[in-house]
Amino acid sequence: MKMKLNPATLRSFLALHTWVGLAAGLLLFIAFYAGAITVFTQELDGWRRPSAEVDQAAKMARAQILLDKVQLAHPHSHNLKLQLSPADPELDWYNENYTEHRRYVLGASGQDLTPAAAHGGFIQLIYELHYTAGLPAPWGTRLFGIACVLYGLALVSGIVIHAPVLLKDLFALRAGRNLKRLWQDAHNVIGLLSLPFHVIFAWSGAVLAIGYLMLAPFQFFVFEGKLLKIIKPDLQTAAHVEAEASPHALLPLTELLRRGREQVPGFQPSEVSLHDPGDVNAQVTLVGLVDQRMLSRRVAVALNGATGEVLGVDQPSTYSPGKRFLNGLTSLHYGNFGDTLLKWLYFVLGLAGAFLFYSGNLLYIEARRRHQQAEQARGPRLMARLTLGVCLGCIAGVSALFLSGALLRDRWDQTVYFGVFFASMAWAFIRPPARGGHELLWLCAVLTAAIPAAAWVATGVSPLGALMDGHWHRVFVDLMAVLLAAAYARLAAATLKRGINGPANSVWALAPRTHKEPAPQATGTSRPLPP
C-alpha cells in the first residue's frame, strides 16, 4: 500500500527540514569541508617536504632529547604529550589545571628547545576547524555537538519528505533551463545515496562533541549521580595513581616503547602521554594502532614510568562493551579503520556533504524568490551573503593555509586563515551577491591552483620531479588542488552567466529589471521548500 502524507504533515516536515538545515548548515559546511581534508592528516604531513626515508633511530634520539629538555625547563610539569607521528617529534606541555599550553620542538641544531606553533601547524588548524569552526574551545565543540543533533533532525525529516517518491526520483538529474530543479535533484540524490554515512556522522559527531551533556539526564535522573563512576573504567586505560612527591627518573623512551610493543604484537605507538613525569608514580600511556581486522584498531598501554610495570592494556580483541562501542563509533566517524580506498571514499563523502549544505541554502534562497518584483526580501538577501561569506571564505581560507604552511612554515597560519575568512565575509556583504559570489569563487580557484606552486617553491622539487621521485603524497595533493581549482573556476563562470542571463528578479541577478515573470509550474514529483 502506498504511503501518502497529508498536506499539513508534509508542510510541517518541510519546515522542520528547512529550518534545522539553515540553523546548522553553515557550521556543518565548515565541518565537512575541513573534515574531508583531515582524512589524510598523516599524508599531508609529508606533502610539503621532499620524499625521504625517516631515520627512526635518529628520530627517537631527538624525541628523547626533546623530552629531557622540556622536563628540565618545567620540572614541576604534570602533563606532557609527545607526538611521534610527525617526521620531527613534537611535545605539548600543560600545567596542572590545563589552563596553560605550550608546544615544543627541537631547533635545527638538535639541542635547542624551540616553541612551535601553538596550534600545531596548518594541518592541526584544519583539523580543529572540523570540530570548532575556529570558535574558542570548548564552546565551539559544544556548538558543533548541538549542530549534529539538528543535523540528525534534518536527516529524519528529509527521509519522510522524499520517502513516497524515493525510487522514482532516486537517480533523477533533470538538466535543462530550470536550474533550481537540477540543484534540487542533485541535493536529493547526494543526500539519499550517502544517507547511511550521514547518519553515522550525525550520531558520532553528537556523541564525541557533547557526549557528557547527553549523559546528563541518565546521570541525575536514572543512576542518581553514579553513572560517571560506573563508566569511568571504560574511559581510561588504567586508574590514575596520585603522585607521591618522591622523585624518580623516567625510564628511557626507547625502553618504554619496547615494553609497550611487547604487550600487543604489531603495536606501533604514535603518541606518548606522561602524567607526573619525574615522580615514582609517573604514569605513561602509549597510544597507537595495530594491524587487526577490527572496526577499531586503537591500542593503549599504560605503564609506570619509573619501573616499567604494566598498569593496563587496551586492544581491540579485549575491549569491554563500552570501549568497543565508543572506539568503534570514533573509527566510523574518522574513517581510520581502513586503508587508502576507504580514505578516498570518506574524502568524497566529506565534499559531497559540504555540497549538501551549500546547495540547501541556495534552494532556500531560490524558493523565496519574488518573481513579480526586482526588490527581493531581506531574509534571502542576508542568507545569500552569509552562505557566500562563510562557505567560500572557508574554502579560500583552507587553500591559503596550504600556501602559508608551505611558504611560511606554520608561523602565521591562524592569521592567514582568519584574515582570508573574515575578508571574504566582508566582501560578501559589501558586493551584490552575484558579483560577490563570482569574485569569491575566483579567489578560491586562484588560491587552490597556487598550492602546487607553493610546494614547488618550498621543496625545490617540481610536480614532475615529485612524480619521478615517487613522492605520491605530493602528487595527489597537487592533482586534487588542480581539479578543485578547475571546479571553482567553472562555478565562478556559471555564477556570472546566471547573473547576466538568468531571471531578472533574483538575488543572483546582476542588473534586475522590474517586470513580471510567469509563475513557476509544478514539475513531476519535485517538492518545493515551504514558503
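Where in the chain does A133 lie? A133 sits in the loop that joins helix 4 (121-132) to helix 5 (139-162); helices (H or I, at least four residues) and strands (E, at least two) are DSSP runs, numbered from the N terminus. The model is predicted, so local features need pLDDT of at least 70 and side-chain atom pairs count only at pLDDT 80 or more, while totals for chains, interfaces and linings use all residues. Residues are numbered from 1 along each chain as its sequence is written, and side-chain values use heavy atoms, with hydrogens and water left out.

**Positive phi in loops**

The phi angle of A133 is near 60 degrees, a positive value in a residue other than glycine. A133 is buried, with a relative accessible area of 14%; buried means under 20% relative accessible area, exposed over 50%, and partly exposed in between (1.4 Å probe, protein chains only). D276 also has a positive phi, near 55 degrees, and is not a glycine. The loop between strand 5 (268-275) and strand 6 (283-289) holds D276, which counts as buried at 7% relative accessibility.

Helix 12 (residues 340-367) has 28 residues and spans 40 Å from first to last C-alpha, close to the expected 40 Å. The expected span is 1.5 Å times one less than the number of residues.

The largest nonpolar core has 75 residues, of which F29, Y33, V398 and F402 touch the most other members. Its largest share, 15 residues, comes from helix 13 (residues 378-407). A nonpolar core is a set of buried Ala, Val, Leu, Ile, Met, Phe, Trp, Tyr and Cys residues joined through side-chain atoms within 4.5 Å. Leaving aside residues up to four places away in sequence, F402 touches I37, L44, W47, F122, I126, I451 and V477, where contact means heavy atoms within 4.5 Å. A second, separate core of 27 residues includes L84, W93, L253 and V301.

**Salt bridges**

Side chains of opposite charge can pair when their charged atoms come close. A salt bridge here is a side-chain nitrogen of Lys or Arg within 4 Å of a carboxyl oxygen of Asp or Glu, and the count by this rule is ten.

| Pair | Closest N and O atoms |
|---|---|
| E90 and R103 | 2.9 Å |
| D92 and R103 | 3.1 Å |
| E255 and R259 | 2.7 Å |

E90 in strand 2 (residues 90-94) and R103 in strand 3 (residues 101-106) are 13 residues apart, and their pair links distant parts of the chain. D92 lies in strand 2 and R103 in strand 3, so this pair ties together parts eleven residues apart in sequence. E90 is buried at 18% relative accessible area, R103 is buried at 11%, and D92 counts as buried at 2%.

E255 and R259 both lie in helix 10 (residues 253-263), four residues apart, about one turn of the helix. R259 is partly exposed, with a relative accessible area of 24%. A network of salt bridges links E255, R258, R259 and E262.

**Nonpolar surface patch**

L464, L467, M468, W472, F476, L479 and L483 make a nonpolar surface patch of about 760 Å². Helix 17 (463-469) and helix 18 (472-501) each supply at least two of its residues, and helix 18 gives the largest share, four residues. L467 belongs to helix 17 and is partly exposed, with a relative accessible area of 40%. Patches are made of residues with over 30% relative accessible area and no salt bridge: like charges are joined within 9 Å, nonpolar side chains (Val, Leu, Ile, Met, Phe, Trp, Tyr) within 5 Å. Accessible areas come from the Shrake-Rupley method with a 1.4 Å probe; for residues, only the protein chains shown count as cover.
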